[in-house]
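Dear colleague,

Please find the structure below, handed over for your study. My notes on it follow.

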Amino acid sequence: MSSPLVSVVMVTYGGKQWIRPAIEALAANTEAPYELIIVDNASDDETVSLLREVSQESPAVTVLFNQANVGFGPGANQGVLHARAPYVCILNSDAFVGPGWLPPLIEALELDPSAGAAVPRLLHLDGHLQEAGGVVGRDGSTRAVGDGDDPEALPYRFRRYVDYGSAACLVMRRSVFNEVGGFDPAYPMGYCEDVDLCFALHERGLRTVYEPRSSVRHVRWGSSSRIEAERRVFANQPILLARWQERLAGRPSFAEPPFEPYDVLQARDAEATDRIVVVSDSAWGWPSPPSGRTRELARAIVQAWPGCRVTFLVGSGHAGSAQVGALLRAGVEVAAETDWDTWFEGRRYHYSMALVSGPAAFERFDPLIAASQPQATRVYDTTGVSPTWAAALTSWWPSLASGPTARLAERLASLERWAMSTADIVLCATEAGLADAARATAAPAFLVPDPAPRVTAGTGVLVAGALPPGPRFGGLDPGARALSGPVRTILDALPGPLRATARTPPGGDAARLAPWLPPGEQGRVWLLPPPLTGGGAAAALASGIPVVTWAGGAAGLDLGGLESRLVATDAPGAARLLEDLLEDPGLWDETHRQLLARAHPLDRGGERMALWAALAPGGFGRPEAVLPGPPR
């Protein structure tokens, strides 16, 4: 037998009907080498006979028979003493692990220096949620978060630190389990010892991580009765409260239902002293997914301040998108609602900071934030809609001086100035945006550039950015064709073979363009058409991929002498630049080399420090991710 990665410790006391199915589920769904150590607390003869059969069937199973019932905690400690693997998993004999259950839990411990224990999403046998981590009240009462709800609901699908996780399935490093002393025997016959263990970890600078990518089904009270369980909890809560009363002060109680949803929310986020609500450009109904910049800002905040609670708002139509999935995996809470007024009312006074991206989101959500989160520091992330935006577009839209497009341009710029003037902190993606902010507001403005992940060149034209069909600002609807006119004109001006290489999302509708580099879509030349800025252009340029754009799109990109090759003043000119770069390999190679020579090395530490400088006026301390983590 190879050396095990994890030692699974299972304590039994009756519950014979669940033991073999639990062991079979473990064998069927665990790919990593493991050993199973079963500690039996003087069960009846039928259970003992079953365990003897199990130990004879597999050399990976060790069974220890106690002459008396020593209790769950001491029995688990006994099993860990016989463990050989670097990781231990405390697993109930009525818990059934699912496919792929172990790797996410191990990953949570390996990648997070602050992680001391990892727990999965627990499900009832019927598939409903049983526990997405637990919260503890001021009197020692506990509450399983989400009990009975849909496990796929967004509030239960993001990784986060929790007060505790049930020992029905709990994974730790064996060394950490031993250092903390395992389960305290002060809780003689079970219940509350898992809460105490997680609190003891926290006292040593280690946290319990809830990892929803791992799912385990659990029969609650499978080896006892509900009445017996409640009796033990009632007996053990005073012990728990005596030890941790100071930490629990100010929390609600969960002793008597019904519980208000805000009470659970307050307890869930009690130790997240920094709470940020991030309003993306898609939250108000934008048909495209949230912008890459806003998503990366949310991810960067969670990475730099792991104990911070970041809630990211998106349009209800994007709840199942790949972009939302990536945010959840990164530990960002995502909300996708149709009734934002009720949602904000249910979180009144909850956030310490509100970050709003773009003028449309500002217009819709600023009144809600002002009414429900008046205490929050207000941060506005500019979109690059410059007051000179319209002037740079006259050659693209001959009718810009009048009509709906002109009114849209004027309103966007007006909203951008208003948002900057009312914000406490302004974030800008470019130097040009920083200059605009200095003219619009006395609030501190900071340069926080778009992240620039490395990408590689493919073939053809990749149209970057997001052009929504028919956005509404105060009832104004310019229509999809007005906004997508320049890109359609540019592509129509390309020769047929080159036009056929232009890639947009499925359906080829240029009015619904990708907001970030789509998976597998890597163009040889990128097109960032007006009126867009950003659109991942920095990522392409940093990787040496030419980006053909307009004056507004080039603002702050530091193109230097390459402007004549990459910046067009009208649609026919943009088509010529695209054609030159696609048809002349020598020109593309030379442009590629010059872009790489101008590119700055990606400095993630520098990005974190720039973000910290911007958020420090809102009370943020030095980023945790820049500092060394606690000893392993």
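**A covered strand, β4**

Strand β4 (residues 87-91) is mostly covered, with five of its five residues buried; buried means under 20% relative accessible area, exposed over 50% and partly exposed in between, with a 1.4 Å probe and protein chains only. Strands (E, at least two residues) and helices (H or I, at least four) are DSSP runs, numbered from the N terminus. Please note that this is a predicted model, in which local features need pLDDT of at least 70 and side-chain atom pairs count only at pLDDT 80 or more, while totals for chains, interfaces and linings use all residues. Residues are numbered from 1 along each chain as its sequence is written, and side-chain values use heavy atoms, leaving out hydrogens and water.

In a regular strand the side chains alternate between the two faces of the sheet. Both faces of β4 are covered: Tyr87, Cys89 and Leu91 are buried on one side, and Val88 and Ile90 on the other.

Which strands pair with β4? Two strands pair if DSSP finds at least two bridges between them. Strand β1 (residues 6-12) pairs with β4 in the parallel sense over four bridges, and valine 9 has isoleucine 90 of β4 as its bridge partner. Strand β11 (residues 169-173) pairs with β4 in the antiparallel sense over five bridges; here cysteine 89 has valine 171 of β11 as its bridge partner.

**One face of helix α2**

Helix α2 (residues 45-57) has 13 residues and reaches 19 Å from its first C-alpha to its last, close to the 18 Å expected; the expected span is 1.5 Å times one less than the number of residues. Its buried residues are Thr47, Val48, Leu50, Leu51 and Val54. Seen down the axis of α2, these buried residues fall within an arc of 160°, so they line one face of the helix; the arc is that of the directions from the helix axis to the C-beta atoms. On the other side of α2, Asp45, Glu46, Gln56 and Glu57 are exposed.

**A three-stranded sheet**

An open sheet of three strands, paired in parallel, has the order β20-β21-β22. β20 (461-463) and β22 (547-549) stand at the edges with a single partner strand each, so one side of each is left without a neighbour in the sheet. Strand β21 (residues 525-528) is joined to β22 by three bridges, and tryptophan 526 stands opposite valine 547 in β22.

With kind regards
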